[in-house]
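Hi everyone, thanks for coming. I'd like to walk you through one model today, going from the contact between its chains down to a single residue. Have the structure open while I talk.

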Amino acid sequence: MRIIRSTCAFAVSLGVLCMLLPTPSRSASNAPIKVALLAATSGSAAAAGHDMVAGWTLYWSEHGNAVAGHPIVTTVYDTNSNAGHALDQARRAVEQDGAQMIVGPYLANEGLAVAPYGIEHRIPMFFPTVSADDLSQRQANSFIIKVAGWTSSQTTHVAGEWAYEQGYRRVMTLANSYVFGYENAGGFAQTFTRRGGKIVNQIWAPLGTTDYTPYISQVQAANPDALFVEMVGADAVHFLQQWSQLGLKNKIPLIANETTTDQSNIRTLDPALVEGITSFGHFAEGRDAPATRSFIEKYGKAEGVLPSYMATSFYTAAQWIGQALETVHGDVSDPGMLLRAVRDIKLSDSPFGPMVLDQYGAPIDNVYIRRVVATTGEAAKYAKTWNVVIKTYPHVSQFWTWKPSDYLKQPVYSPTFQGYTK
Amino acid sequence: MQFYIQNALGGLAYGSLLFLIASGLTLIFGLMRIINLAQTSFYLLGAYIGLSLVTHGWNFWLASLAGGIVTMALGLAVYSAFLHRYHADPLTSLLLTLGLTLILDDGILALWGGDPHSISPPAIFAGSLTFGTLVFPVYWLVVIGISFAIAAILFLTLQRTMLGVMIRAAVDDEEMTRGLGVDVNRAFYIVFAAGALIAGLGGLLGGPITSAYPGLDGELTPLAFAVVIVGGMGSLGGALAGSLIIGLVNAFGKALFPELSYFTIFVPVALIMAFRPQGLFGRKL
């Protein structure tokens with residue numbers, strides 16, 4: 001009985017105490033802004049996850065981890081490189097930890113898994129690396145913004161045009177058999193064939209292939225004018241190594257997508273294997289411009305290596321979101337207001353170059369023809385080779401030269417739709 | 001023609017690497033009924049250790065030997081601390097080695113980071129041989145040669161030495177062998193150590209072909225098991241034949257039916273399971 005009475009007394013006094021305390025207001029001048037950073041810190045994409053976190057934290061540590069007087073509290077949630085796990089983590093971040101926005105994840109399938117959840121719960125989602133075409137096309141939504149991001153086929157549309165102008169007429173494609181590979185190859189195939197080029201054959205290799213020599217021997221047998229190639233992570237390393245070992249590097253020209261020669265891959269490869277390779281990307285760590293130079297030097301000092309495009313995307317996303325938070329004075333209570341502020345930001349220069357968003361939430365920015373060469377100057381301290389700019393295509397939209405309404409009538413790129421009739 | 005020769009050589013090189021992993025797997029299972037899932041993690045750990053030593057100026061061959069010795073020591077430690085209790089208990093030992101795999105994977109990720117690391121062959125073997133339009137990396141021939149040499153050493157040990165006699169006897173009938181006064185436990189330690197040594201050694205040797213990155217072990221494990229199933233549990237000759245078959249099927253399957261590449265590897269496995277469950281060289285079940 002005594003126990004019950006004292007428990008009641010305790011409960012009542014607790015209740016009174018609670019009533020006496022002022023209710024915390026979301027617009028309090030120093031309320032923290034809670035950001036959920038979904039990144040794979042384990043699993044197959046762990047290296048990318050590390051870079052994403054490094055880019056994001058570099059920006060915020062430079063800016064005192066605060067914006068307009070509000071501290072930025074970033075929590076990193078490990079997605080384990082797995083779509084199901086990414087969704088669980090998004091749920092945990094929003095429902096248990098009260099995250100007010102989601103930045104990341106990395107992989108297209110993780111992004112596709114998280115997107116419906118965020119839309120349903122009205123959580124702004126910023127995808128700096130998830131490039132799946134449809135997230136800013138047929139499934140575009142005001143809650144999804146590819147901040148400092150890209151669209152898979154955006155860079156390869158340019159590559160198709162360029163390849164034709166180089167005089168290549170018979171080209172083969174080799175890409176990984178998943179969304180990113182289909183979209184990269186599709187963008188290339190559509191613009192290349194539209195100009196009059198011919199796609200000889202398209203090979204889809206499973207992601208995670210160690211031995212590319214059987215695929216390479218098929219390319220060798222077909223002897224095309226050039227090979228368009230899309231590879232990610234360890235697959236890129238294997239492919240580039242075996243391409244060179246089989247003596248094809250100086251025989252059949254490569255037209256590589258952005259990720260194949262990303263700094264995170266070429267930094268581990270012998271310069272002889274990669275020097276001279278041409279690729280297409282929205283980022284070039286060797287771009288000779290103040291915004292890029294100063295970023296790679298800061299990143300080099302902090303991490304001891306040159307940044308990958310993943311690290312750069314998250315650094316620039318932090319800068320972008322930071323500016324938007326500045327314009328709303330750190331008030332994130334209304335997601336619509338924050339999303340509008342993010343859409344209105346125009347970066348006149350960033351490590352990527354100038355960037356603005358189109359009405360579908362995808363960036364319009366530079367696409368670079370890049371070449372792998374030996375590093376010079378300050379950068380030589382951090383890497384042996386890097387991607388320098390050969391030519392800049394300014395202000396490239398995800399729709400290239402098509403009218404958005406026309407482009408959206410065609411299906412998204414897949415093994416059965418590559419933008420041309422076979 | 002060139003297409004076939006190219007793929008045949010590539011398949012042989014890849015298959016001979018698989019042999020370095022599968023030989024330990026099959027012997028350990030044949031002798032102790034332990035399914036050592038960590039065999040491919042030993043390979044990966046050996047590759048990373050070797051790579052670190054090479055970047056510190058070590059000789060390539062010494063570095064791969066050192067990688068093998070480290071994994072051997074690790075294998076022995078795990079065996080004597082935990083695994084020796086679970087002979088003939090495949091489920092417990094499977095879980096134990098699965099746990100070891102997870103620990104090794106996360107340890108590797110923490111120590112070496114997640115970037116893929118390419119490994120260059122020693123400079124004298126870095127070139128390619130060219131016959132007309134056929135190009136073949138010299139180092140692949142070296143890998144094939146080394147694997148066959150290791151296979152020969154293993155065969156001679158099993159067939160011609162007292163230790164080999166003891167191991168073969170214990171594989172056939174452990175109880176009877178013990179009854180005859182043979183120290184079977186000593187053979188267990190030696191086989192487990194040899195399995196870990198060869199896999200760890202293979203890590204850097206195979207590095208120029210597979211490179212080193214987190215998750216490589218998980219990709220090799222199904223292939224190594226396919227080899228063991230095709231060749232027959234506990235049979236070294238089976239492991240050699242199985243490695244070459246899987247290596248060649250892998251190469252030609254990918255080249256001829258690129259969209260079915262995972263499927264083609266498991267076609268021989270399915271055929272063996274259906275018509276000869278004990279494997280090509282395994283004892284009748």
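Let me start with a definition: two residues are in contact here if their C-beta atoms, placed from the backbone, lie within 7 Å. And please keep in mind that this is a predicted model.

With that in hand, how many residues of chain B are in contact with chain A? There are 31 of them, and they meet 31 residues of chain A. On the chain B side, the elements that give two or more residues are H1, strand S1 (128-131), strand S2 (134-137), helix H10 (236-256) and helix H11 (261-275) of chain B. The largest share of that side, 5 residues, comes from H1(B).

Now to chain A on its own. Its secondary structure comes to 14 helices and 14 strands. The C-alpha trace spans about 90 × 50 × 45 Å along its principal axes. For 422 residues, a compact globule would have a radius of gyration near 22 Å, and the 23 Å of chain A agrees with that. Of those 422 residues, 55% count as buried. If we take contacts in chain A between residues at least 6 apart in sequence, 72% of them join residues at least 24 apart.

Chain A is divided into two domains, and each is made of two stretches: domain 1 is 33-151 + 290-364, and domain 2 is 152-287 + 366-407. Their C-alpha centres lie 25 Å apart. The contact between them takes 26 residues from domain 1 and 29 residues from domain 2. On the domain 1 side, helix H2 (46-62), helix H11 (290-303) and helix H12 (309-327) of chain A each supply at least two residues. Which helix gives the largest share of that side? That would be H11(A), with 4 residues.

Next, a sheet in chain A. Six strands form an open, mixed sheet in the order S2-S3-S1-S4-S5-S6. The edges are strand S2 (66-67) and strand S6 (144-145) of chain A, each pairing on one side only. Strand S5 (residues 125-126) of chain A pairs with S6(A) in the parallel sense, over 2 bridges, and A:Met125 has A:Ile144 in S6(A) as its bridge partner. Packed on the sheet is helix H3 (residues 83-96) of chain A, which touches strand S1 (33-39), strand S3 (70-78) and strand S4 (101-103) of chain A. The direction of H3 makes about 170° with that of S1(A).

Then there is the largest nonpolar core, with 221 residues. The members that touch the most other members are A:Ile102, B:Leu18, B:Leu31, B:Ala224 and B:Val227. Helix H1 (residues 2-32) of chain B gives the largest share of this core, 16 residues. Both domains of chain A give residues to this core, so it lies between them. Looking at B:Leu18, and leaving out residues up to four places away in sequence, its contacts are B:Leu223, B:Ala224, B:Val227, B:Ser243, B:Ile246 and B:Gly247.

I'll finish with A:Ala311, which is found in helix H12 of chain A. Is A:Ala311 buried or exposed? It is buried, because it has 31 other C-beta atoms within 10 Å, and 20 or more is the cut-off. Beyond four places away in sequence, A:Ala311 touches A:Asp51, A:Met52, A:Ala54, A:Gly55 and A:Tyr299. The C-alpha atoms of A:Ala311 and A:Ser264 are separated by 9.8 Å, with the two residues 47 apart along the chain.

That's my tour, and I'm happy to take questions.

Notes: Residues are numbered from 1 along each chain as its sequence is written. Chains are lettered from A and ligands numbered from 1 in the order in which they are written. This is a predicted model: local features need pLDDT of at least 70, side-chain atom pairs count only at pLDDT 80 or more; totals for chains, interfaces and linings use all residues. The radius of gyration is taken over C-alpha atoms; the globule rule is 2.2 Å times the number of residues to the power 0.38. A residue is buried if 20 or more other C-beta atoms lie within 10 Å of its own, exposed if 12 or fewer, and partly exposed in between; C-beta atoms are placed from the backbone. Two strands pair if DSSP finds at least two bridges between them. Axes are lines fitted to C-alpha atoms, for helices over the stretch in contact, and angles run from 0 to 180 degrees between N-to-C directions. A nonpolar core is a set of buried Ala, Val, Leu, Ile, Met, Phe, Trp, Tyr and Cys residues joined through C-beta atoms within 7 Å. Domain bounds come from an automatic or database domain assignment.
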